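Colleague: I would like to learn how to read a few features of a model like this one. Could you walk me through them?

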Amino acid sequence: MDFVPGLVLCRRFHDEVVGPIMRRHLPGLPYAAGRLDTGSELLGLDTARSVDHDWGPRLQVFVGPDDTHRTAEIIATVDAHLPASFLGYPTRFAGHPDPGLGGLGVLAADGDRHGVRVLGLSDWLSAALGFDPRSGVTVADWLAVPTQRLAEVTGGAVFHDDLDGALARVRTALDWYPDDVWRYVLAAQWTRIAQEEHFVGRCAEVGDELGSLVVTGRIARDLMRLCLLLRRRYPPYGKWLGSQFARLPGAAPIAADLGTALGLGVPAGITGAAAREAGLARALTAAALWSNETGLAEAMDPTVRPFHSRPFLVLDAGRFADSLRAALTDPGLRARPPVGAVDQFVDSTDVLAHADRSAAVSGALHRM
């Protein structure tokens, strides 16, 4: 059976199956529908491998506040009228889902659950984001939401919306950071790079090649996230970071330089610390040029230079962070520590996958 991309499958599942069920058996019920929760298909990165779990004919049906008491009725109605399969895929799931992460289990003809989740829109927004964007998005809100979640909500798909365009308003509100928040997040990302860029050479100098490679990998990850932010793309979590970075226009040379820094395709005669330094220097310079092109702050010299009196070439990335922070117009943002959004200083799935935990951690730090 030919693989059908997940968002295509889910859209057709709504248009050809779920939508007709709603119109026929629940006439007059206003609702919105889409795929905005979790899954590689929201980023257009699913493949045939994805079919093995939490993938298939699935979608969210959202109802307004006057109809949240009908969610059980709607679920039962859909359940009673779903076909056994759609486009060759079962419409039921089995196994052990993780409802906290939006999991459903594995497609199975004898599964005990379907993939149509019915929720009050306000309830889902509070659970997924920690706030309702239709009421506005505060600075605290922006900083408490991981970019993975923002990528999902803005990168998924809406199939139907007669809740006065509610889903469109949500996605428009979250389309991208306001300029000052963007400056602050970029400054935090440059700060992360500034704190470690000189470690690559220092580790190598004392014979710690493994440590030098580990630091190089950390800088490469931070630089890829930075480039996505510079191009107004929400960085996804680790599994899809490289794939999304590779999609950026103009990213191929930077990717090649980062590969050189990490030992991929190193030219003959250039090895070890020399290759790492050369690759990182070119990648950092390119990112610096991208940063200047945003026009968000005073342009900085994008060339590398020695780290103080030590023989390690660095960009001195803190210059870019300082320039961005100096351009902030919001004194409240300027007064915050240079840590950025929650996933710039927290790297735990068990925090970032839960809006209440992300908000608690972010709020605690930024209130200090």
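Modeller: Happy to! Let us begin with a term: a residue counts as buried when its relative accessible area is under 20%. Keep in mind that this is a predicted model.

Colleague: Is Trp-182 buried or exposed, then?

Modeller: The relative accessible area of Trp-182 is 6%, so this residue is buried. Trp-176 is at 7%, so Trp-176 is buried as well.

Colleague: How should I describe two aromatic rings that lie side by side in a model?

Modeller: A pair of aromatic rings is described by the distance of the centres and the angle of the planes. In this structure there are ten aromatic pairs. Take Trp-176 and Trp-182: their ring centres are 5.9 Å apart and their planes stand at 90 degrees, so this pair is edge-to-face, given that angles over 60 degrees count as such.

Colleague: Let us turn to strands. What should I look for?

Modeller: Strands of a sheet pair through backbone hydrogen bonds, either parallel or antiparallel. S1 (residues 32-35) runs antiparallel to S2 and is joined to it by three bridges, with Ala-33 opposite Val-61. S8 (residues 116-120) pairs with S2 in the parallel sense over five bridges, and there Leu-59 stands opposite Val-116.

Colleague: Why is S2 said to be largely enclosed?

Modeller: Five of the five residues of S2 (residues 59-63) are buried, so the rest of the structure largely encloses this strand.

Colleague: What is the strand order in the open sheet of three strands?

Modeller: The order is S6-S5-S7, and the pairing is antiparallel. S6 (106-107) and S7 (113-114) are the edge strands, each pairing on one side only. Between S5 (residues 92-94) and S6 there are two bridges, and Phe-93 has Leu-107 in S6 as its bridge partner.

Technical notes: Residues numbered from 1 in each chain as written. Predicted model: local features only at pLDDT ≥ 70, side-chain atom pairs only at ≥ 80, totals over all residues. Heavy atoms only, no water. Buried < 20%, exposed > 50% of the residue type's maximum accessible area, 1.4 Å probe, protein only. Helix = DSSP H or I, 4+ residues; strand = E, 2+ residues; numbered from the N terminus. Pairing = 2+ DSSP bridges. Phe/Tyr/Trp six-rings, centres within 6.5 Å; stacked < 30°, edge-to-face > 60°.
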